[in-house]
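Biologist: I would like to learn how to read a protein model. Please show me the structure, and then let us take its features in turn.

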Amino acid sequence: DAGTVTAQVREPKLVCSSADAPEVGCAAEKSAMEINAEVEQLTNEALAWVQELCTLNGVAYANLSVDYAVITNTDGWFTLRLNICRSAGTGTQQLVYYHIDKTTGERVELGDLFRPGSGYAAAIGEELRRQMREQMAADPGLCYWIDEEQVPADWVFRQIRPDQNFYFAPDGTLRIVLDEYQA
């Protein structure tokens, strides 16, 4: 707390014991170490933003919040969500999801869930665009940038990225998480 600039940081640290699952121990430990390093890097970048604002000596009003939640922790799957919220006049929220297949100990990204060459990114992108159109038709106050007539072409959402954030809802439904202003 620097008066006009504050930061609340709760950084997770994944711990994996080979005794818990000796058959996947090394892979799980490696996955946990990789995730911890990435979380630490993102947290340090956010803290550097706060420190830069502190150098303005009371001119800036800002808040940083870094927190996390365990979304899924079953016998076969683990998902951690990192939440980074920055506010300084306006706010931005960054959500990053990390997944571990507990049967193998390996990290999992969205592309790992589909066969190579399946075209999953385009298919999911088209389904998301369909859902966005449906939601806009039901609510005239809602607007997604999915048509070039609305906004510049490079702002239009077309399909998901290969490293797209996702998670599984409690009912097992795949949920795609789009970043703010993702095109």
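**Strands, helices and a pocket**

Biologist: Which residue in β4 is the bridge partner of Leu 80?

Modeller: The bridge partner of Leu 80 in β4 is Tyr 98. Bear in mind that this is a predicted model, in which local features need pLDDT of at least 70 and side-chain atom pairs count only at pLDDT 80 or more, while totals for chains, interfaces and linings use all residues. Residues are numbered from 1 along each chain as its sequence is written, and side-chain values use heavy atoms, without hydrogens and water.

Biologist: How many helices and strands does the chain have?

Modeller: Helices (H or I, at least four residues) and strands (E, at least two) are DSSP runs, numbered from the N terminus. This chain has 2 helices and 7 strands. Starting at the N terminus, the order is β-α-β-β-β-β-α-β-β. The C-alpha atoms fill a box of roughly 50 × 45 × 25 Å along the principal axes.

Biologist: In what order do the strands of the open sheet stand?

Modeller: Two strands pair if DSSP finds at least two bridges between them. Here 5 strands form an open sheet in the order β1-β2-β3-β4-β5, with mixed pairing. Its edge strands, β1 (5-9) and β5 (106-107), each pair on one side only. In a regular strand, side chains alternate between the two faces of the sheet.

Biologist: Which pairs are parallel or antiparallel?

Modeller: β1 and β2 are parallel, with 5 bridges, and Val 9 stands opposite Val 66 in β2. Strands β2 (residues 62-73) and β3 (residues 77-88) are antiparallel over 10 bridges. Val 66 also has Ile 84 opposite it, in β3. Between β3 and β4 (residues 90-101) there are 12 bridges, again in the antiparallel sense.

Biologist: How many residues lie in the hairpins?

Modeller: The hairpin from β2 to β3 passes through 3 residues. The one of β3 and β4 has 1 residue between the strands, and Gly 89 there takes a positive phi near 85°. Elsewhere, β6 and β7 pair in the antiparallel sense over 4 bridges, with Phe 166 partnered by Ile 176 in β7. They form a hairpin with 5 residues between them, where Gly 172 in the turn has a positive phi of about 90°.

Biologist: Where are the buried residues of α2?

Modeller: An α-helix has 3.6 residues a turn, so residues three or four places apart point the same way. Buried means under 20% relative accessible area, exposed over 50%, and partly exposed in between, using a 1.4 Å probe and protein chains only. In α2, the buried residues are Tyr 120, Ala 121, Ile 124, Gly 125, Leu 128, Arg 129, Met 132 and Met 136. Seen down the helix axis, they fall within an arc of 165°, so they line one face of α2; the arc is taken from the directions from the axis to the C-beta atoms. On the other side of α2, Glu 134, Ala 137 and Ala 138 are exposed.

Biologist: Is Ser 31 buried or exposed, and what does Ser 31 touch?

Modeller: Ser 31 lies in helix α1 (residues 25-54). At 4% relative accessibility, Ser 31 counts as buried. Contact means heavy atoms within 4.5 Å. Leaving out residues up to four places away in sequence, Ser 31 touches Ile 100, Gly 105, Glu 106 and Arg 107.

Biologist: Where is Glu 148 found?

Modeller: Glu 148 is in the loop between α2 and β6 (165-168). Its relative accessibility is 45%, so Glu 148 counts as partly exposed. With residues up to four places away again left out, Glu 148 touches Ala 153, Val 156 and Arg 158.

Biologist: Which residues lie nearest the centre of the second largest pocket?

Modeller: Rolling a probe the size of a water molecule over the atoms shows where empty space is left. A pocket is an open set of points on a 1 Å grid over the protein atoms alone, where a 1.4 Å probe fits, with protein on both sides within 12 Å along at least five of seven lines; lining residues have an atom within 4 Å of a point. The second largest pocket is lined by 22 residues, and Leu 95, Val 96, Tyr 97, Asp 163 and Asn 165 lie nearest its centre. The largest share of that lining, 7 residues, comes from β4.
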